[in-house]
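Take a look at the sequence and the 3D view, then read on.

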Amino acid sequence: MNDSPFSKGADVARSSLSARLTVTIFVVALCDLAATTCWAQSTAEIFSRLDRAAQSFVGATAGIRVTTHTGVIDEDETQAGTVAVKRSSPDEIQFLINFTGQDAQAIALRGRTLQIYYPKLNTIREYDVGKYKDLAQKLILLGFGMPGRELAANYDVSNLGAERVQSEDSVHLQLTPKAPEVLKQLSRVDLWISLKTNCPVQQKFYLPGGDYRLAAYSDIKINPPLPASALDLPKAAKRERMN
Amino acid sequence: MILTLVGVSYGTLDEAARRARGVGADIVVRPPGTSLIAASSSPMSEGLLAFFMKQPHVTFATGTMIQPLGGFDSLSGIDLDQFNKLSGGFRFVKGHGFQNDDDVMVDEYYAREKNLGVGSTIQLMNHTWRVSGIFESGKLARVCAKLDVLQTLTGSPRKLSQIYLKVDDPPHAQSVVNDLRDKMPGYFIYTMDEFASLLTISSVGLLRNFIGVVIGIAVIVGFLVVTMAMYTAVLERTREIGILKALGASSGYILNLLFRETLLIAVIGTVVGIIMTYGTQWLMMHAVPATLTQETVYEWWPIAGAISVVGALLGAIFPGWKAVKQDVIQALSYE
C-alpha cells in the first residue's frame, strides 16, 4: 500500500507544502525583522536629528494656541498668543508666552523665576520655582531645542509615525514620563515634531481624569534675530515676589 | 521659642481649618496638581459647577478664586449671593456686602491689623479696593472680592481655584466624594472633615520639618548657653570647689551640686518660657491678629520642658567635668 503511486504523490505534495511553508515563515520573519529595524531606525533617526537641531538651536518664535479640555464636562477653552524661546546657556532655556484677548496674560521663565504678568493689574508676580525649574523648562515648551537623548532619558518614547499637523509634515511621538512624580500629574504627552524645523508643531499633555492641554504652534521661526529685550515683560509693571 | 513657634503653627492651621469649616460646605474640590503646566492657581472651569449640581445627593455648588497676596494673606473671589446660600451669610460687624466692582469685605482681624474701616481704601494686587464691610472672622477668608471682578483682573475668566459642594444629608458626603473621585481621578476631592484634618502639623510636611529644625536649634542654643553659664559658674566658684574637695567632697557630690543647679535653671527657664508665650500671644493678637494666630498648646509644655532639661544637662557635662578635674591646691590658691 505504501508503495502505491497515490502514496508517492502524497509524499511529494507533503514535502512541497512543507517547503513552501518554511519559505513563507522565513519571508514573514524577514519582513517582520526588516519592519522592526525600520521603525527602530526611524526613532533613532528622529533622536539624532533632534540632537543635531538642538546643537544649533538658539531661539524660536511662534504663534501659540492652547486648548484646555475638561474631560468630565467635555469643555474646551482656548487661549491664543505668541511665544518666544531663547537659549541663554547650554543648559538653560528662557521663554515668554504672551496670551492676548479676554484672558490676556504673559508667562515668562527666567532662570528659576517664573513670572506671570497681568496686564489689567499692571503687575508681574514672581514665583521661585526652585527645584521645579528643570521641569518647567522641559515641560512647558517640551521639544524646543531639546536633544533626542534628553527625550529618551526622561520619557518612554513610542513612534506613532508620520502625520500632517498644522499643514506641516511631522512625526508623532508618544511620551510616557519615566519619573513617578511626573507621571502622577501627567499620564502622557503626545508630541508632533515638524520634519522641517525639528521643533514641535503640537503638544498634547494628558492630565489625570481625562483632562488635557493641547498647545498648537504656527508660523514657527527657528533662530530668528531675537534682541535681548524680546523676552522682557513691561518694565513699568509692579513686581510682587510670591514665595 | 519652641512653644511660641509651635503655638503659631498650630494657631495658623487651626484658624485656616476653622475658616474652611465656616464655609458651611460638605465637600471641597481642588484642581489636580498640574498648576506648573497651566501656570495658574485657578485652573478649574466654572462649567464644572453645573456638572456637580447633576450629581446624586449634591444640592448646591459654588466656586471661589484664591489669589495669593504674599506671606500668609490671600484674596478670595466669591459670588456673594451663591456663597451666602452655602454658608448662611456673613455676619457684618460694620458695613455690608459688595456694592461696586472694586469693593472688598474684610474680617475684623484684618481690619484691625490694617487699620481699616468701612469706606477705607486698600491697595491689593496693585489695585485700589474700597472696604464695603467688616465681617466676623471664621468664614472662608480674611479678604473677599467679587469673583467675576477678580477673574477679569487676573485674565482668568470663568476660572476657579476651589469648588464647594453641599449635599442633601451630611452622611452622604463620603459616598459622593468616592463617586466623584472615580469620575475625576487626579482632582483633590475631600469631605470638609477630611480637609480640615489635613490642616494639622503632621499633615503639613514643611511645617513638621520647620518645627524639627526649631527644636534642633533650641537644643543647640540651650546647650551652648548652659555650657557658657555653668562654665563661668565653675570658674567663679573655683575656690569654693577647692574647699569642698579639701573637706572631702567626692566627684559625685560636686557633680550632683552642679547638675541640680542646672536642673533648677532648666525648670525655671521652662516656667518663664511658658509664661512668656502668653506675652507673645497677647502681642500677636494686638499687633498682627490677621497674619499670625498663636494658640496655647498644652501638650507641648512637657515636651518643651524635657527638651530644655536635656539640653541643659548636656550643656553642664563639660563644666562638671572641669570642676571635678580641678586640682585642690590650685583651686584653693585661685584668686
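This is a predicted model: local features need pLDDT of at least 70, side-chain atom pairs count only at pLDDT 80 or more; totals for chains, interfaces and linings use all residues.

**Where the chains meet**

Let's start with how chains A and B touch. Chain A puts 32 residues into the contact, and chain B puts in 27. On chain B's side, four elements bring at least two residues each: the helices α2 (35–38), α3 (47–53) and α6 (147–153), plus the strand β3 (58–70). Sort that side of chain B by class and you get 14 nonpolar residues, twelve polar ones and one charged one.

**The nonpolar cores**

Now for the inside. The largest nonpolar core has 103 residues, and the members that touch the most others are A:F95, B:I27, B:I163 and B:L165. Strand β11 (residues 212–222) of chain A gives this core its largest share, six residues.

What does B:I163 contact, once its neighbours within four places in sequence are left aside? The partners are B:V29, B:M44, B:L48, B:L49, B:F52, B:A61 and B:G63.

There's also a second, separate core, made of eleven residues, with B:I254, B:L258, B:A316 and B:A323 among them.

**Two domains in chain B**

Chain B is assigned two domains: domain 1 spans 18–198 and domain 2 spans 205–332. Between their C-alpha centres there are 47 Å. The two do touch, with seven residues taking part from domain 1 of chain B and four from domain 2 of chain B. The domain 1 side of that contact holds three nonpolar, one polar and three charged residues.

Most residues other than glycine have a negative phi. Chain B has a couple of residues worth a look here. B:H57 is not a glycine, yet its phi is positive, at about 75 degrees. B:M125 isn't a glycine either, and its phi is also positive, at about 55 degrees.

Where do they sit? B:H57 is in the loop between α3 and β3 of chain B, while B:M125 is in the loop between β7 (121–124) and β8 (127–135) of chain B.

Are they buried or exposed? The cut-off for buried is 20 or more other C-beta atoms within 10 Å. B:M125 has 21 and is therefore buried, whereas B:H57 has 17 and so counts as partly exposed.

Here are the two side by side:

| Residue | Phi | Other C-beta atoms within 10 Å |
|---|---|---|
| B:H57 | about 75 degrees | 17 C-beta atoms |
| B:M125 | about 55 degrees | 21 C-beta atoms |

Definitions and conventions:
Residues are numbered from 1 along each chain as its sequence is written. Chains are lettered from A and ligands numbered from 1 in the order in which they are written. Ala, Val, Leu, Ile, Met, Phe, Trp, Tyr, Cys and Pro count as nonpolar, Asp, Glu, Lys and Arg as charged, and the others, Gly among them, as polar. A nonpolar core is a set of buried Ala, Val, Leu, Ile, Met, Phe, Trp, Tyr and Cys residues joined through C-beta atoms within 7 Å. A residue is buried if 20 or more other C-beta atoms lie within 10 Å of its own, exposed if 12 or fewer, and partly exposed in between; C-beta atoms are placed from the backbone. Domain bounds come from an automatic or database domain assignment.
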